[in-house]
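Here are my notes on the model, point by point. Please read them with the coordinates open.

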Number of protein chains: 4
Amino acid sequence: MAAPQNILVWNENVHESRGDETVLGIYPDGIHSTIAAGLREHFPDATVRTAVLTDEEHGLSEEVLAQTDVLLWWGHVAHADVQDEVVERVKRHVLGGMGLLVLHSGHFSKIFKSLLGTTCSLLWRNEGERELVWNVNPSHPIAEGIESPIVIPQQEMYGELFDIPTPDDLIFISSFTGGEVFRSGVTFTRGRGRIFYFSPGDQEYPVYHQAEIRRVLANGVRWAAPATRTRAVPDVGNPAREWFAS
Amino acid sequence: MAAPQNILVWNENVHESRGDETVLGIYPDGIHSTIAAGLREHFPDATVRTAVLTDEEHGLSEEVLAQTDVLLWWGHVAHADVQDEVVERVKRHVLGGMGLLVLHSGHFSKIFKSLLGTTCSLLWRNEGERELVWNVNPSHPIAEGIESPIVIPQQEMYGELFDIPTPDDLIFISSFTGGEVFRSGVTFTRGRGRIFYFSPGDQEYPVYHQAEIRRVLANGVRWAAPATRTRAVPDVGNPAREWFAS
Amino acid sequence: MAAPQNILVWNENVHESRGDETVLGIYPDGIHSTIAAGLREHFPDATVRTAVLTDEEHGLSEEVLAQTDVLLWWGHVAHADVQDEVVERVKRHVLGGMGLLVLHSGHFSKIFKSLLGTTCSLLWRNEGERELVWNVNPSHPIAEGIESPIVIPQQEMYGELFDIPTPDDLIFISSFTGGEVFRSGVTFTRGRGRIFYFSPGDQEYPVYHQAEIRRVLANGVRWAAPATRTRAVPDVGNPAREWFAS
Amino acid sequence: MAAPQNILVWNENVHESRGDETVLGIYPDGIHSTIAAGLREHFPDATVRTAVLTDEEHGLSEEVLAQTDVLLWWGHVAHADVQDEVVERVKRHVLGGMGLLVLHSGHFSKIFKSLLGTTCSLLWRNEGERELVWNVNPSHPIAEGIESPIVIPQQEMYGELFDIPTPDDLIFISSFTGGEVFRSGVTFTRGRGRIFYFSPGDQEYPVYHQAEIRRVLANGVRWAAPATRTRAVPDVGNPAREWFAS
């Protein structure tokens, strides 16, 4: 519940490093830089860092994670290139209390699928449709200060069936021009870690420049931040405990 | 889990008895008769009865309820005319195990609001929009045999925010031409009773003639049916029980 | 998520005003005073008030409630004496966003039963058993700083079946000397209001003097506090809204 | 919802094949045989098979799984010996609709941890304590016909914190002589598959000979059985679907 002090935005950064002109036109310094800039507006006293796939250990070393309160994850075409060893390390930190925000096409990341246990598949179509993001949970802290619906003029469509376990909290449901619907803002708890998946945001549309979207991400970071940075994966085992009955 | 033997379809029957030509053109014998006919197709061995507001005790006497496995409730303009004493009686039977399906504008019925504790208000607009009913819970028995989405050519729009508690199961989410979304198929458990709310179905559109809708209602009735007709409202109190410790 | 500024502790105060010596021996100024003292330790900058059944309008006027962020409710033998009009008023404020903590025998209060829709009955036995309160939700803010289990040397036993809807969050499960178990810390959301039920605490045992119990209550108050004191019962209706499609 | 026709009971069978006298005294033909015998009492028309770790492909070939409606899993000391390839195969079948019952020390099996995403660790102590299994969900089909509590005279203690995601349904909570509590009967849905974890049952105590335990397992099998044996892992992707808007 404490304000997050160390936030880390991870991006595979593949579209950008390949020189995709559409993406670079919208996110000249990479999606991660835009997301980080939005978070700095909301958390002026926090340290907001970024890391990318090509960094050593993907920028996700034990030391970095141990200092991170909340990690944001954006990936798309390079999920398979993330090393399993790093995924296991991130997972351990989430189970131990680190907050995790999984964004848009991150639904297919190894870390998300490993934490949820399902395929995390969904329906999709990229034709620049309007997305309306409706709030169905008005007192949830992640929805604080957000008018319903958020209107995103152009977006990739993500539709049901979204193959996830029943979320702890359903906060946002989106509709698209084509008529599809999507559970676009959902939370999960795994171990001591809080996870928020938020689907709006694509490399081809300027979604992460939109003020309401930045507010949702900031709310999500605040919600997911742990009370303490000390990691404690649940593991009680068979302690030499005296019976309460004795 | 046993197949329901006694099903009761309740309808306020006010639009029909007033002689509303639109409604009678679609439901010449009343909405309840059409719903009951659909259920008889699916439960040929069950007894499917109907009751209306003007029946004595609204057709919901102690004797009738004691024999009812599942009650379906359709109301719209006469919620206030349902006697509080009858509402309490129905509630007692639901808490004791009777299944309840609340349909469409029944969201504002006294029985639904009393069981859920919220206003059950929602956004609405009646302009004959297309409704798409998407399944987000594919292995739920209420969705069995239903292709997603169900397409309803013309419907009243019901939109979020739907002021209900978090449902036990979210099965269907609808979108409408105007872009709104709605949690259109949701379940709740109260006491020993199972409750299914399903929004598609209006007096001005032939929704209850549609085969998929009839299938959903039949699935809902089967799901809500109790294992036994004996009512047992939870009430454990302070029995003269010996300690397990002694 | 803001820190609560105005907290109101309500107690029927009947055992105390009757002069029950056991109760007055433990709570000489009433249970409400002890609970309020505990909250003042945790919220030195907040205003913590108390109100009792014999106050005008039970001390729960429209003006008082409009200023209250979180209301705590303790009742036992006088549930029936609380006026229905006041219950409806409190309920409207909860649905509009006021936090509510329902304590111990408050499970049978009109306000709790009205918000939950069930009988809220449970198993009970008063023989001074030891209660162990186990945390099953370690990252929940209501459990922050609490070692598991909390040991309460002597308590009234509350056991399952506790007839409540499935809670949003299950935080604590208790066991008792006799072997019974009880969902002793559970949350619900109704409308915009957050509700926390916490069972430890009886008029015959000094539970509200125990530091861990005071911490749980403070955590609960912080969790239940709304983002804004402006009440807004969900009621969207049929606004003159343009279609998003147009 | 159809009655299961093909049930498969899997047991690592290591205690038994090692010749552990305590275990063989209680389960002379292996734990799997006793569990299977109990299921045959409840499903006389079904085929109940068994498989063990030393079978080829652990007895869990593609062909076998394709015919299986519900798989029961008992493992303890040999979790690490189950091949990852087989675990992935079982997982695919669960996501595609096969029911899964995970029993007792199976909480640490690869398949359970992979489906849930958490450590699934718990507190334990083996001193032959009495376990009381309380029903907190009286209308759940898995509790049908079960008196609360089930009394198990001697058992290994499993206690909280049980590191699992919030279950879809919480059905049973146990207490032990030592005062610990445990969420001993919980359900999850992953993909199209239904999962029931039930903790009572150890190799050193005759729990699977007890009639109430056998009834719970049979209820669980009936609840977890899919509507169809055709496996369909959710994977909607980007079908050549026309817009509903067009």
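**Notes on the chains and their contacts**

1. Copies are superposed by least squares on the C-alpha atoms of residues with pLDDT of at least 70 in both.

2. On conventions: this is a predicted model, in which local features need pLDDT of at least 70 and side-chain atom pairs count only at pLDDT 80 or more, while totals for chains, interfaces and linings use all residues. Residues are numbered from 1 along each chain as its sequence is written, with chains lettered from A and ligands numbered from 1 in the order in which they are written.

3. Next, the D–A interface. In chain D, 33 residues are in contact with 33 residues of chain A (C-beta atoms, placed from the backbone, within 7 Å). Three elements of chain D, helix H6 (110-116), strand S5 (123-135) and strand S8 (181-190), each supply at least two residues of the side that touches chain A. That side divides into 15 nonpolar, 13 polar and 5 charged residues. Here Ala, Val, Leu, Ile, Met, Phe, Trp, Tyr, Cys and Pro count as nonpolar, Asp, Glu, Lys and Arg as charged, and the others, Gly among them, as polar. The copies meet through the same surface, because 100% of the interface residues of chain D are also interface residues in chain A.

4. Now chains A and C. Chain A can be laid on chain C by a turn of 180° and a shift of 0.0 Å along the axis, with an RMSD of 0.0 Å. Of the residues of chain A, Asp168(A) comes closest to this rotation axis, at 4.0 Å (C-alpha). Again the copies meet through the same surface, since 100% of the interface residues of chain A are also interface residues in chain C.

5. The sheet of chain D deserves a look. It is open, has 9 strands in the order S2-S1-S3-S4-S9-S8-S7-S5-S6, and its pairing is mixed. Strand S2 (47-52) and strand S6 (150-159) of chain D are the edge strands, each pairing on one side only. The twist averages 25° from one strand to the next. Two strands pair if DSSP finds at least two bridges between them. Helices (H or I, at least four residues) and strands (E, at least two) are DSSP runs, numbered from the N terminus.

6. S8(D) and strand S9 (residues 193-198) of chain D run antiparallel, joined by 6 bridges. Val186(D) stands opposite Tyr197(D) in S9(D). Helix H5 (residues 84-96) of chain D packs on the sheet, touching strand S3 (70-74), strand S4 (99-103), S8 and S9 of chain D. The direction of H5 makes about 110° with that of S9(D).

7. Finally, a helix pair in chain B. Helix H3 (residues 31-42) and helix H7 (residues 211-224) of chain B pack at an angle of about 70°, with their axes 9 Å apart. That makes H3(B) roughly perpendicular to H7(B) (65 to 115 degrees). Axes are lines fitted to C-alpha atoms, for helices over the stretch in contact, and angles run from 0 to 180 degrees between N-to-C directions. Ile35(B), Gly38(B), Leu39(B), Glu41(B) and His42(B) in H3(B) meet Arg214(B), Leu217(B), Ala218(B) and Val221(B) in H7(B). By class, this contact has 5 nonpolar, 2 polar and 2 charged residues.

Note on methods. Contact = placed C-beta atoms within 7 Å. Parallel < 35°, antiparallel > 145°, perpendicular 65-115°, else oblique.
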